[in-house]
Amino acid sequence: MTYDRNAASTLLTALAFARHGHAVFPLWWPVTHNGQTVCACGRLCGKQGGKHPHSRFAPNGIHSATLDSGIIKLLFGLRCPEANLGVSTEKLVVIDADPRHGGDEALAARCRALGARRPAAAAHTSFSPPLTTSPSRASPQTR
Ligand SMILES: [Zn+2]
């Protein structure tokens, strides 16, 4: 199995989300095994592969999310540095732009209309609510 994500970047991103009041939790991650991408949990997870809560370090899924920087450093820095990052969306509005169906162009047009900047390579864009038409209030964050 191979793994090629930047674990330090995930830890820093998790800490940044927590600093902004968004609780985080670890997810399983995708791995390459015999030329195929599979979930690191070892089960056949289908489309949820590499995207579902880590059974050991987030046993209650979103309810295991934390803002505690010490716990975040322990989880993402020591215990499970390969983990994908799960973020509580309790205080966010998240848009999953599906580029296969024109979602990226539609989102870019909407961001232009709002006067918000949208990074080009982001698969997901989140906004701090309230989402308004005021350009100064729309603040996209990406992951
Ligand atoms: Zn899995």
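Predicted model: local features only at pLDDT ≥ 70, side-chain atom pairs only at ≥ 80, totals over all residues.
Helices, a hairpin and a core

Me: What makes a stretch a helix or a strand here?
Reply: Both are DSSP runs, numbered from the N terminus: a helix is H or I over at least four residues, a strand is E over at least two. The protein chain has three helices and seven strands. Their order from the N terminus is α-β-β-β-α-β-β-α-β-β.

Me: How do you know what span to expect for α3?
Reply: The expected span is 1.5 Å times one less than the number of residues in the helix. Helix α3 (residues 103-114) has twelve residues, and its 16 Å from first C-alpha to last is close to the 16 Å expected. Helix α1 (residues 7-19) has 13 residues and reaches 18 Å, close to the 18 Å expected.

Me: Which residues of α1 are called buried, and what puts them on the same side?
Reply: A residue is buried if 20 or more other C-beta atoms, placed from the backbone, lie within 10 Å of its own, exposed if 12 or fewer, and partly exposed in between. In α1, T10, A14, F17 and A18 are buried. They cover an arc of only 100° around the axis (taken from the directions from the axis to the C-beta atoms), so they lie on the same side of α1. The face turned away from that side carries the exposed residues A8, S9 and R19.

Me: Why is A16 called partly exposed?
Reply: A16 lies in helix α1. A16 has 13 other C-beta atoms within 10 Å, so it is partly exposed. The C-alpha atoms of A16 and L67 are 9.9 Å apart, although 51 residues separate the two in sequence.

Me: Why is N34 called exposed?
Reply: N34 has 6 other C-beta atoms within 10 Å and is therefore exposed. N34 lies in the loop between β2 and β3. N34 is not a glycine, yet its phi is positive, about 55°.

Me: How do you know that β2 and β3 pair?
Reply: Two strands pair if DSSP finds at least two bridges between them. Strand β2 (residues 30-33) and strand β3 (residues 36-39) have four bridges, in the antiparallel sense, and therefore pair. The bridge partner of H33 is Q36 in β3. The hairpin has two residues between its strands.

Me: What makes a set of residues a nonpolar core, and which members touch the most others?
Reply: Such a core is a set of buried Ala, Val, Leu, Ile, Met, Phe, Trp, Tyr and Cys residues joined through C-beta atoms within 7 Å. The largest one has 19 residues, of which A14, A18, V24, I72 and F76 touch the most other members. At least two residues of this core come from each of α1, β1 and α2. Nonpolar side chains tend to be buried together in soluble globular proteins.

Technical notes: Residues numbered from 1 in each chain as written.
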